[in-house]
Amino acid sequence: MITLYGFGPLFGLPDPSPFVLKTLTQLKMSGLPFAFERARPADAPKGKIPFIRDGEVVLGDSVFILDHLKRAHGVDLDAHLTPEQRSVGWALERMLEDHLYWAIIHARWAIDENFEKGPSQFFAGAPEEVKRQAQAGMRERLLGQGFGRHADAEIADLAARDFASAAELLGGRPFIFGERPSSFDATLFGFTASAATPFFHSSIREAAERHPNLIAFQWRMMDRYYEPAMAE
């Protein structure tokens with residue numbers, strides 16, 4: 001049986017990582033039996049969460065995990081999509097994972113109030129110096145990536161453009177490409193929920209909340225795939 005490794009419920013979400021939320025939702029969509037266990041990035045084959053264990057296979061990265069479900073288990077969550085829809089879905093996924101993700105990280109780690117109530121929980125019981133070093137290290141990563149060089153208002157503007165594009169693509173449909181969800185709905189859910197969780201106050205949460213169709217989509221996915229207790 002497949003075992004998915006993540007952080008577990010936190011920050012008002014089934015998992016604090018949008019990537020874990022994505023893969024967790026895709027596994028639920030697949031109908032395959034699986035277990036969930038907590039893990040640390042240090043436990044992962046690539047030093048990043050999520051990862052899975054499937055028999056002798058240990059595999060990291062949400063994209064490659066989805067490929068494994070198709071290759072090893074014959075599960076194709078996007079079989080009903082046209083080539084054009086798959087291309088649009090991939091472009092949406094890249095925007096969320098390679099752009100919006102850094103706005104989420106900035107909101108959680110670079111804003112002191114959010115860091116204290118959120119990511120600092122990962123270092124419970126550790127000396128204060130360890131927490132400060134971790135926060136400083138993430139700020140350095142944000143600088144290296146580029147988002148950390150922007151003013152807060154500029155980061156909010158960039159995130160707002162992402163949400164506006166996603167909301168326009170979703171439109172009035174229940175799922176991105178119509179009545180049936182695809183793997184890309186799991187991605188949009190993971191990143192919308194991570195940005196819009198009421199646990200944190202941030203400009204990117206406000207940007208998401210300007211689009212009622214995205215918030216309705218988020219709750220539609222939550223109701224479809226999760227028990228209410230999982231988000232506590």
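**A loop residue and the helices around it**

Guide: Start with H211, which sits in the loop between helix 8 (203–209) and helix 9. This is a predicted model. H211 counts as buried, because its relative accessibility is 18% and the cut-off for buried is under 20%. Leaving out residues up to four places away in sequence, H211 touches F163, A164 and A167. Take F19 as a reference point. H211 and F19 are 192 residues apart in sequence, and their C-alpha atoms lie 22 Å apart in space.

Now to helix 9, residues 212–225. Its axis and that of helix 7 come within 9 Å. They cross at roughly 110 degrees. The two helices are therefore roughly perpendicular to each other, as angles of 65 to 115 degrees fall in that class. The crossing is left-handed. Helix 7 brings D185, A186, L188, F189, T192, A193 and A196 to the contact. Helix 9 supplies L214, I215, F217, Q218, M221 and M222. By class, that contact has 10 nonpolar, two polar and one charged residues.

Helix 7 itself covers residues 183–196. Its 14 residues should span 20 Å at 1.5 Å a residue, and its end C-alpha atoms are 20 Å apart, so the two values agree. Helix 7 is mostly covered, with 14 of its 14 residues buried.

Helix 7 also meets helix 1. The axes of this pair come within 8 Å and cross at roughly 140 degrees. This crossing is right-handed. On the helix 1 side, the contact is made by P18, F19, L21, K22, T25, Q26 and M29.

Finish with S30, in helix 1 (residues 18–30). Is S30 buried or exposed? S30 is buried, because its relative accessible area is 16%, and buried means under 20%. Setting aside neighbours within four places in sequence, S30 is in contact with V75 and L77.

Notes
Residues are numbered from 1 along each chain as its sequence is written. This is a predicted model: local features need pLDDT of at least 70, side-chain atom pairs count only at pLDDT 80 or more; totals for chains, interfaces and linings use all residues. Side-chain values use heavy atoms; hydrogens and water are left out. Helices (H or I, at least four residues) and strands (E, at least two) are DSSP runs, numbered from the N terminus. The expected span of a helix is 1.5 Å times one less than its number of residues. Buried means under 20% relative accessible area, exposed over 50%, partly exposed in between (1.4 Å probe, protein chains only). Axes are lines fitted to C-alpha atoms, for helices over the stretch in contact, and angles run from 0 to 180 degrees between N-to-C directions. Angles under 35 degrees count as roughly parallel, over 145 as roughly antiparallel, 65 to 115 as roughly perpendicular and the rest as oblique. A crossing is left-handed if the near helix is turned anticlockwise from the far one by less than a right angle, and right-handed if clockwise. Contact means heavy atoms within 4.5 Å. Ala, Val, Leu, Ile, Met, Phe, Trp, Tyr, Cys and Pro count as nonpolar, Asp, Glu, Lys and Arg as charged, and the others, Gly among them, as polar.
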